[in-house]
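Please open the model in your viewer and keep the selection panel handy. We will go from one contact surface to another, one selection at a time.

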Number of protein chains: 2
Amino acid sequence: MTAFQGRIGIIGSGALGAFYGARLARAGHDVHFLMRSDYEAVRDNGLFVKSFEGDFHLKANVYNSPEALGVCDLLIIGLKTTANGALPQLLAPTANADTLVLTLENGLGNEDAVAAALSHTGKGASARVLGGIAFLCSNRTAPGHIHHMDHGWIRMGEFDAPVTDRTRAIAELFVSSGIRCEVYDNLMQARWEKLVWNIAFNGLGVAAQADVGRVLATPELHSLAHDLMQEVVIAAAATGAPIDPAMPAKMLKNSESMGPYHSSMQVDFESGRPLEVESIIGEPTRRAKAAGASVPRMEMLYALVKALDQRTQ
Amino acid sequence: MTAFQGRIGIIGSGALGAFYGARLARAGHDVHFLMRSDYEAVRDNGLFVKSFEGDFHLKANVYNSPEALGVCDLLIIGLKTTANGALPQLLAPTANADTLVLTLENGLGNEDAVAAALSHTGKGASARVLGGIAFLCSNRTAPGHIHHMDHGWIRMGEFDAPVTDRTRAIAELFVSSGIRCEVYDNLMQARWEKLVWNIAFNGLGVAAQADVGRVLATPELHSLAHDLMQEVVIAAAATGAPIDPAMPAKMLKNSESMGPYHSSMQVDFESGRPLEVESIIGEPTRRAKAAGASVPRMEMLYALVKALDQRTQ
């Protein structure tokens, strides 16, 4: 399989978008970054990636407005989902009827938001949307500086169709850049699998202000995390994306090595930033209820985290 | 009915104990206060009560150790339940086999803790324990200064028996001091009724950091408060203290006049003080589960508030 060829735009060039964009550019792909706060630093000095897989520096094609970036063949979305409201303005100048869009954002509802923001490109926009789940530990440590601490692999699929050669060509973009990328026929299944961990540990990171190690070491929280994970398994099955029922026990076991890890939502909460509560907890809860699943703990977690989120705004 | 006659000791002379003790003393009853932080101020200047029912000042009999207070005929406990661990040391010098103890503390398990702390007085100590639920808005504004803002009435009963003349005589103590006091054959019923409100609004005051007005104004929190209240109704029935199933709807309606009221637990949380989580949420949840009731939201609330409590310690 040959990697996808074309002009690639990175929208949302934070710790995630800038990292993947930089790896693709280093491998010789035609990558263009849309940046806001880091624009001048990267225009003047390029991108610095400090990584456990090897540090590197990159002169980057960088733009400070979607109009300046212009139309791309592939857009990779690395926004926080709290910024999804800006998608229509971001995609209007950068996407046409031939543009593919891959969202690497967290949770549920992002492919839908991207498809809706592509309505100016004509009918069938959702057929030009792909989604991916990034398993990545990275931080933006200063303007233009990314610290890649661990992992980096991606699970990817078409929004509303099984895997095609097109999916594989985009996966090959990542593979040719040294990033493991698995393709899935049922993207929602991969998304729900990630949510088993994310709902429990992001949610309790905020509602109990407890990091992963403390959730696992506190009997009531460990038991609550397990109950929440079971509800996510039930919700996934009810919405047509069945996942392995043994996943909660496995994930709890595997998380033991993480120690006092603070989930992204806990970090955002502690920093007073808006929380990705809608995509990670709200939308999964709504879909579970619409499918008739009983998810009282997810519902309660959503109410609490949403209230705590709005408190910081 | 003649009011109870005898030497009355107030243990835990904060906003609640000092208020009731002062009202009883003003009415001519023989009241003695055990105080710690306020001891010198009250010894030198007496107690000042600012009240919507009339301000007054009182020279008080005050002691700075349970040994100095000595044996009383009736002890009124106004501690925070987080101090229940001190009950054995507090009751050893102040209670003998004839002493009655009335706990006005919040939640469940306090009569049990008092009875256990009376073991030195011989068998059948639980028959000398009474409990009361105080509906009181008061603050300690400075050493020896109490601000009584609203309400003040009490619901009271024997720990493990129906109302007797003894119960009525103690109730008359309060009535003769201008305080409404109702007696209940089933104390636990009165306690669970109060818990319908307390679990929902104290719990969400901490877990959602939302005051009463905000819980009522936020659809997800309003609905969660109702669901929690329903679980408390189910728990009460399962433990043999059935209460009116219409109580949740009534209480939510009646709370609308409270505005941005911060529950005691929310105030404690915001001040970094230990939370009465065991008596208000933990013990009710344990009793509900032991009785076979399904209370997933109470259980989750307990796990979260307990985790947040320990975080502040």
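**Stop one: inside chain A**

Select A:Asp112 and A:Arg287, whose side chains meet in a salt bridge at 3.3 Å, N to O; the term means a side-chain nitrogen of Lys or Arg within 4 Å of a carboxyl oxygen of Asp or Glu. Before moving on, note that this is a predicted model, in which local features need pLDDT of at least 70 and side-chain atom pairs count only at pLDDT 80 or more, while totals for chains, interfaces and linings use all residues. Residues are numbered from 1 along each chain as its sequence is written, chains are lettered from A and ligands numbered from 1 in the order in which they are written, and side-chain values use heavy atoms, leaving out hydrogens and water.

Now colour chain A by domain: domain 1 is 8–185 and domain 2 is 189–311, with bounds from an automatic or database domain assignment. The centres of the two domains, taken over C-alpha atoms, are 25 Å apart. Their contact (heavy atoms within 4.5 Å) takes 21 residues from domain 1 of chain A and 18 from domain 2 of chain A.

Together these domains bury about 1,600 Å², with 52% from carbon and sulfur atoms; buried area is the accessible area (1.4 Å probe) that two parts lose on being put together, summed over both. Which residues of domain 1 lose the most area to domain 2 of chain A? Select A:Asn106, A:Leu108 and A:Ile133, which together make up 42% of what the domain 1 side buries.

Four salt bridges cross this domain interface. For secondary structure, show α5 (110–117) and β8 (129–142) of chain A, each supplying at least two residues of the domain 1 side; helices (H or I, at least four residues) and strands (E, at least two) are DSSP runs, numbered from the N terminus. β8(A) gives the most to that side, with six residues.

**Stop two: chain A against chain B**

Show both chains. Chain A and chain B each put 20 residues into the contact, and they bury about 2,100 Å² between them, 63% of it on carbon and sulfur atoms.

Two salt bridges are found across this interface. For a salt bridge here, select B:Lys306 and A:Glu220, whose side chains meet at 2.8 Å, N to O.

Finally, highlight α7 (187–207), α9 (219–238) and α13 (296–311) of chain A, the elements giving two or more residues to the side that touches chain B. End on α13(A), which has the largest share of that side, 12 residues.
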